[in-house]
Amino acid sequence: MISVYAISVGKIEQLDYGQKREMRSALNKSPFSGKMWLSKTGFAEDEQAYKDHGGPHKAVCCFSKSHYNMYKYALDTVPDYAMFGENLTVEDLDEADVYFGNQYQLGEAVIEVSEIREPCWKIQTKYGITDLVKRMTLSGKTGFYFRVIQEGYVDQDDDLKLIHLADETTRLSVQELNEIYYNDRKNVNRLRYALQNPYLSETRIAKLQKLYHHALKTTS
């Protein structure tokens, strides 16, 4: 069983952290009380402000509370939950141990690892850490997304239970895909292997194919 510290949702709001660019976001999330319906597109009371945020392959965002310690040096106070706008704040689940296609029971719902998290300027602006995105992508500790295989009610006290491990022949961890996508974009062999994974979204496959073709050109 994987301990879940908090399950959080948020509404879109206008945020002002002294930034020049307008920021409308549901980045600030809070735990709900009791139970909430988890559908194919996410929790019933959760919102996303921008295109490519949320949707069937990004229905539930997960981040490990153990990674919060990476940012203690820069903050007076580290949040207890949803530091990076995640829905699931788990106690300790490292990206290196999470494979695309892994399925977990969460309350009545069944969820499957489906996407990497691409951190953006909004979380960097919120905390005033100028190199936050760079630190996250270099470390590979970005969090990740689930798609919903089976809808159902989720209770605030529910934990994650691994019920299916991804196929060994094409097994790909979130950590490895982060390393490829952010830090090793010209590695033809790693890109070719990642493209064989049957659990990645069409959008992710398209991005990897573009990198793969570019890498072929630069190495030929």
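## About the model

You are looking at a predicted model, where local features need pLDDT of at least 70 and side-chain atom pairs need 80 or more, though totals for chains, interfaces and linings use all residues. Residues are numbered from 1 along each chain as its sequence is written, and side-chain values use heavy atoms, without hydrogens or water.

## Overall fold

The protein chain holds five helices and 13 strands (DSSP runs, H or I of at least four residues and E of at least two, numbered from the N terminus). Its C-alpha atoms fill a box of roughly 55 × 45 × 30 Å along the principal axes.

## Inside the chain

Buried residues (under 20% relative accessible area, with a 1.4 Å probe and protein chains only) make up 49% of the 220 residues.

A nonpolar core is a set of buried Ala, Val, Leu, Ile, Met, Phe, Trp, Tyr and Cys residues joined through side-chain atoms within 4.5 Å. The largest has 43 residues, and Phe43, Leu88, Phe100, Ile111, Phe146 and Leu160 touch the most other members. Helix H5 (residues 202–219) gives the most to this core, with five residues. A second, separate core of 14 residues includes Leu15, Met83, Ile123 and Ile129.

Methods: Buried < 20%, exposed > 50% of the residue type's maximum accessible area, 1.4 Å probe, protein only.
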